[in-house]
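The following note is meant for a reader who meets this structure for the first time. Its points are numbered so that each may be checked against the model.

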Amino acid sequence: MTLDPWLLEKLVCPATRTKLRYDEARQELVSDEAGLAYPIRDGVPVLLIEEARKLA
């Protein structure tokens with residue numbers, strides 16, 4: 001499943017308010033600045049900080 005480019009351009013990290021990078025292989029939206037990856041479940045981005053995975 002791919003994410004709509006229009007939607008991706010509008011979404012920002014809730015922690016830093018910076019743009020997100022789409023990782024299609026992991027189905028996540030990545031905030032490099034915050035070091036967090038937000039899951040995409042059933043095609044819906046879950047932009048809750050407590051649901052994000054910390055990047056190593």
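1. Arg21 and Asp32 are joined through their side chains in a salt bridge, with 2.9 Å from N to O; the term denotes a side-chain nitrogen of Lys or Arg within 4 Å of a carboxyl oxygen of Asp or Glu. Arg21 belongs to strand 1 and Asp32 to the loop between strand 2 and strand 3 (36-41), so the pair ties together parts that are 11 residues apart in sequence. Arg21 is partly exposed, at a relative accessible area of 41%, whereas Asp32 is exposed, at 52%. In these terms, buried means under 20% relative accessible area, exposed over 50%, and partly exposed in between (1.4 Å probe, protein chains only).

2. The model is a predicted one, in which local features need pLDDT of at least 70 and side-chain atom pairs count only at pLDDT 80 or more, while totals for chains, interfaces and linings use all residues. Residues are numbered from 1 along each chain as its sequence is written, and side-chain values use heavy atoms, with hydrogens and water left out.

3. By the rule for salt bridges, the count comes to three. In one of them, the side chains of Arg53 and Glu28 meet at 2.8 Å, N to O. This pair links distant parts of the chain, with Arg53 in strand 5 (residues 53-54) and Glu28 in strand 2, 25 residues apart. Arg53 is partly exposed, with a relative accessible area of 31%, but Glu28 counts as buried, at 9%.

4. A salt bridge also joins the side chains of Arg41 and Glu51 (3.0 Å, N to O). Since Arg41 lies in strand 3 and Glu51 in the loop between strand 4 (44-45) and strand 5, the pair ties together parts that are 10 residues apart in sequence. Both residues are partly exposed: Arg41 has a relative accessible area of 43%, and Glu51 has 35%.

5. As for charge overall, the protein has 8 positive and 10 negative side chains, and the centres of the two sets lie 4 Å apart. Lys and Arg count as positive and Asp and Glu as negative, while His and the chain ends are not counted; each charge is placed at NZ of Lys, CZ of Arg, CG of Asp or CD of Glu.

6. The protein has one helix and five strands. These elements are DSSP runs numbered from the N terminus (helices: H or I, at least four residues; strands: E, at least two). From the N terminus on, their order is α-β-β-β-β-β. Along its principal axes, the C-alpha trace spans about 25 × 20 × 15 Å. Of the 56 residues, 34% are buried.

7. Which residues are in contact with Ser31, leaving aside its neighbours within four places in sequence? They are Cys13, Thr16, Thr18, Leu20, Leu36, Tyr38 and Leu55, where contact means heavy atoms within 4.5 Å. Ser31 itself lies in strand 2 (residues 28-31) and is buried, with a relative accessible area of 0%.

8. Two backbone angles deserve a check. Most residues other than glycine have a negative phi. Arg17, although not a glycine, has a positive phi of about 65 degrees; Arg17 lies in the loop between helix 1 (5-10) and strand 1 (21-23) and is exposed, with a relative accessible area of 61%. Gln27 likewise has a positive phi, near 55 degrees, and is placed in the loop between strand 1 and strand 2.
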